[in-house]
Amino acid sequence: MRTIHLISNAHIDPVWLWEWEEGAATAIATFRTAADLCEEFDGYIFNHNEALLYQWVEEYEPALFARIQRLVQEGRWHIMGGWFLQPDCNMPAGESFVRQILQGRRYFAEKFDVRPTTAINFDPFGHTRGLVQIMAKCGYDSYIVCRPDQSDCPLENDEFIWEGYDGSQVLVNRPYGWYNSPLGKAREKAESFILNGPQTPSSIMLWGVGNHGGGPSRKDLADLAALMVERSDVAIVHSTPESYFAELQVRRNSLPVRRRDLNPWGVGCYTSMIRIKQKHRRLENELFATEKMATAAWLQGRMKYPAAELHDAQRDLSMAQFHDILPGSSIQPVEETSLRLIDHGLETLARVKARAFFALAQGQPAAKEDETPILVYNPHPFPIDAVVECEFQLADQNWADAETDVTVYRRDEPLASQVEQELSNLNLDWRKRVVFRAELLPAQMNRFDCRFSATAPAAAKLHHSDDAIFRFETPDIEAVINRRTGLLDVYRVHGVDMLLPNSCCPLVLLDDADPWGTRVRRFRNVLGAFRLLAADEAARISGVLNPALPAVRVIEDGAVRTVVEAVLGYGASIAVLRYKLPKQGTTIEIEVRVHWQERDRMLKLSFPTPATAGDYIGQVAYGIDTLPGNGDEAVAQKWVAVVDSNRNLALTIINDGVYGSDFCHGEVRLSLLRSPSYAGHPIFDRPITPQDRYTPRIDQGERLFRFWLNAGPVAERLTCIDREALVCNETPMTLSFFPVGGAETPHALVTLDGDAVQLTALKRAEDGDAIIVRLFNPTTTHQRTRLHLSSLNVDQEITLGALEVYTCRIDRASGELRAVNLLEEKM
């Protein structure tokens, strides 16, 4: 007999339209009603999955929480999913997904002694393929999703096997008929499901009043009970996800296998509310880097492990990843609440990181007379060729005409260094900003010393071959910036052109007031482009007194780099481009400062390449994916790349908090900003926003972006790019600090050899006196690395398969190393 598994749920989006307190109130009311109905109706099982909501109930209604615990023990209330919450399932890093699951799993195990095997993400706007390996290595064998539907993501079958990059697999169901039902209409939905739903031996029907709270009702339960009696030809049962998937497992061999992501839906959400996205990325970076620093200091006896503070910051990060916060589809008060939340996490980590830094600086010798030390901690287990920037105060104010020049030394070896404009605007030789190039040794404090000399102030010189261009040449690269457009016309690496003229052009595209982008797959209708401002207008915008200052100018030039600035405008908006051109190496850094005042428009940064038949790829959660090449909007994380197989070349672009982009006919367009309304959802043909008043728009004002361009042979670039992107995001901590010496200097804690394998997590284990080391192979070939931890006498060669995540637990007392799953459990 055909079986329909009724899965009752209350999908609660606590922050789409509310503050946290209102979300908690909704959760309490919904759970109280569900508990009443569980006890009132025989056989009824209420299913819910997000640990955050249970935590709210536990804090504010402990009696209700105890009642739920009893119902779970009695089998009348089912914990499904078991994640912290339903996050966005494209933009968080792979390690963030691990933490979402780890937090939720530990909470439900502690409070309810349960371990779900089906993961649940009904509402997120698409799902990265990297989730498969993560779920499988967290003990999940199955997954339920609702978005995207068949119109956006056509599937051969809504029941299928989803295969990850490493070959891991989970069973997936995309339920027919969505995840909710109107109040009092559950029977109607069930009758329609019987007639029109999947005619398979077993299937899932989700029901419950929603979208945002409500859950089951007495009328719906009574109506369903009557239907169960009436329809003897169909077994309609109150059930759980695990019960359904146990039956589906019998049919596993007949199911299709999908080896792609589950996208797209709501492609505007890859860009909306860029402040949230950039700060989310920063909090991710700071959490994982601070963990590494704190673990190094703890293992070497320099500080206590800050478990409580790291847990608080992790919770802030996880909440910020909620699927209506990170995508930018909430109202304005929620945007502000979420920024406050992220800032709380950043402040918490800043204090931990400072303690770890000073602990790891112990033992550094005192500074010599007339020298200023700079300490740089590299948290990564491999050396870094870095451009280091640091500000500090001179010993006293210099009121003389001569400026103080700074040369940076490593021991007694002078390094390429230059003084640039400090961030303050005190027109006095006192505060200094020094930039230098150095190799940072892995997983340790790196010591540099500044020595000083007097020099006459030197005006920047504009180098050009004619009045139309600025040409920059080194043995590694050639770059040409057009002085008539402010754009990058040439980026040539070892004699090979990687970009076409007019690169780095800010394009303005037609958009609308919908932050989700529910009705589109792409943003390709160009309305115009930012243009170089006239000299007098550029001077006015720049706040300078000289009206003849060129709109394209060299603002810094020294032994490390040349920095060229260009001022462009469009409508009421301004863009200031800074090209940081290296005297050594092939990486160009581009800084884009935008004062955005457009409405219902989108801003993209264009990079046309010669690779018109190239492939477009990008980093995703614990993986690398092929992205659309037809102009459809794509989602990726820290980097994207154009792979030109015909020339065996790849152009890579690293970012510090941009997720959306598109690629067509060799042109990359990075999505910087959108300006839709807050939570403006299209309904039929009605206007999205009220037409009788002013309606605020998202992301008005000043925003700052940074990108790093590099290019080279395909294999070389794709081997190195993940580490490079990690370093640009999890940056080494730099501080001018005067140590006192007299103690043993901490040593390098952990090193990895090779060019590819990453250390994505180094932390204390959740249980026991041990540490967790998580490695990731970001390449499509097997990689070997040697893991060396001097404090624990570990020296282990490890082989990782293509795109494999590997986790080991190392006992602190014995140094014993054993592989564990992502939940830190023995395999």
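Predicted model: local features only at pLDDT ≥ 70, side-chain atom pairs only at ≥ 80, totals over all residues.
## Nonpolar cores

The largest nonpolar core contains 165 residues. Within this core, the residues that touch the most other members are Tyr54, Trp77, Tyr491, Phe607, Leu670, Leu672 and Phe707.

Leaving aside residues up to four places away in sequence, Phe707 touches Ile588, Glu589, Ile590, Val592, Leu605, Ile653, Ile654, Asn655, Val658, Leu670 and Leu672. Another core, of 43 residues, lies apart from the largest one, and its members include Leu131, Met135, Ile624 and Ala725.

## A four-stranded sheet

Four strands form an open sheet in the order E40-E41-E44-E45, and their pairing is antiparallel. Strand E40 (758–764) and strand E45 (817–820) are the edge strands, each pairing on one side only. From one strand to the next, the twist averages 25 degrees.

## A helix pair

Helix H9 covers residues 274–299 and helix H11 covers residues 332–360. The two helices pack with their axes 9 Å apart, at an angle of about 25 degrees. H9 is therefore roughly parallel to H11, since angles under 35 degrees count as roughly parallel.

The handedness of the pair can be stated as well: H9 and H11 make a left-handed crossing.

Technical notes: Residues numbered from 1 in each chain as written. Heavy atoms only, no water. Core = buried A, V, L, I, M, F, W, Y, C linked by side-chain atoms within 4.5 Å. Buried < 20%, exposed > 50% of the residue type's maximum accessible area, 1.4 Å probe, protein only. Contact = heavy atoms within 4.5 Å. Pairing = 2+ DSSP bridges. Axes fitted to C-alpha atoms, helices over the stretch in contact; angles between N-to-C directions. Parallel < 35°, antiparallel > 145°, perpendicular 65-115°, else oblique. Left-handed = near helix turned anticlockwise from the far one by under 90°.
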